[in-house]
Amino acid sequence: MENECAQLNDENLKLIGLELMFCTPEKCNNENGLTAIELARKLNIPTETVKKKLKILFDKKIIRVTGINPKYWKFDDFQFQKMDENDEVYKLLCNFENVDFSQYFEY
């Protein structure tokens, strides 16, 4: 329970999840998704932190990985829609307070 409460307030996890959620093929250097290093640079978060957060999202089955070296990460919309609405990670990613959507879309 303590781990889930920590995830509920985890801004890095939210940033990474939202970045992958709104990542389009036009924004990626590779059609398979983004690497941990690309995410770290884009979000200005240490690579090791990004890798830990990717593991959490992967364990929740809402992101997929392709490749070995490098690993490409991609959001899985279908699995996200199947998530329990009471899951703390689901709640975190659906909480759009203080989210600047202009960074994900070009108007």
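Keep in mind as you read that the model is predicted.

**How confident is the prediction?**

- The chain has a mean pLDDT of 86, and 86% of its residues reach 70 or more.
- Which element has the lowest mean pLDDT, and which the highest? Helix α1 (residues 2–8) has the lowest, at 49, while α4 has the highest, at 96.
- Here is a handy rule for reading any such model: where pLDDT is low, the predicted coordinates should not be read in detail.

**What lies inside?**

- Of the chain's 107 residues, 37% count as buried.
- The largest nonpolar core holds 27 residues, and Ile16, Leu20, Leu54 and Leu93 have the most contacts inside it.
- At least two residues of this core come from each of α2 (11–21), α3 (36–43), α4 (47–59), β2 (72–75) and α6 (88–94).
- Helix α2 gives the largest share of the core, with five residues.
- As background, nonpolar side chains in soluble globular proteins tend to be buried together.

**Who touches whom across the sequence?**

- Take Leu93 as an example: setting aside its neighbours within four places in sequence, Leu93 is in contact with Leu13, Lys14, Gly17, Leu18, Met21, Leu57, Ile62, Phe75 and Phe80.
- Looking at the chain's contacts with a separation of 6 or more, 59% are between residues 24 or more positions apart.

**How does α2 meet α4?**

- These two helices, α2 and α4, pack at an angle of about 70 degrees, and their axes are 9 Å apart.
- Because of that angle, α2 is roughly perpendicular to α4.
- The crossing of α2 past α4 is right-handed.
- On the α2 side the contact is made by Asn12, Leu13, Ile16, Gly17 and Leu20, and on the α4 side by Thr49, Val50, Lys53, Leu54, Ile56 and Leu57.

**How does α2 meet α3?**

- The axes of α2 and α3 cross at roughly 110 degrees and come within 11 Å.
- So α2 is roughly perpendicular to α3.
- Helix α2 passes α3 in a right-handed crossing.
- Leu15, Ile16, Glu19 and Leu20 of α2 make this contact with Leu39, Lys42 and Leu43 of α3.

Note on methods
Residues numbered from 1 in each chain as written. Predicted model: local features only at pLDDT ≥ 70, side-chain atom pairs only at ≥ 80, totals over all residues. Heavy atoms only, no water. Core = buried A, V, L, I, M, F, W, Y, C linked by side-chain atoms within 4.5 Å. Buried < 20%, exposed > 50% of the residue type's maximum accessible area, 1.4 Å probe, protein only. Helix = DSSP H or I, 4+ residues; strand = E, 2+ residues; numbered from the N terminus. Contact = heavy atoms within 4.5 Å. pLDDT = per-residue confidence, 0-100. Axes fitted to C-alpha atoms, helices over the stretch in contact; angles between N-to-C directions. Parallel < 35°, antiparallel > 145°, perpendicular 65-115°, else oblique. Left-handed = near helix turned anticlockwise from the far one by under 90°.
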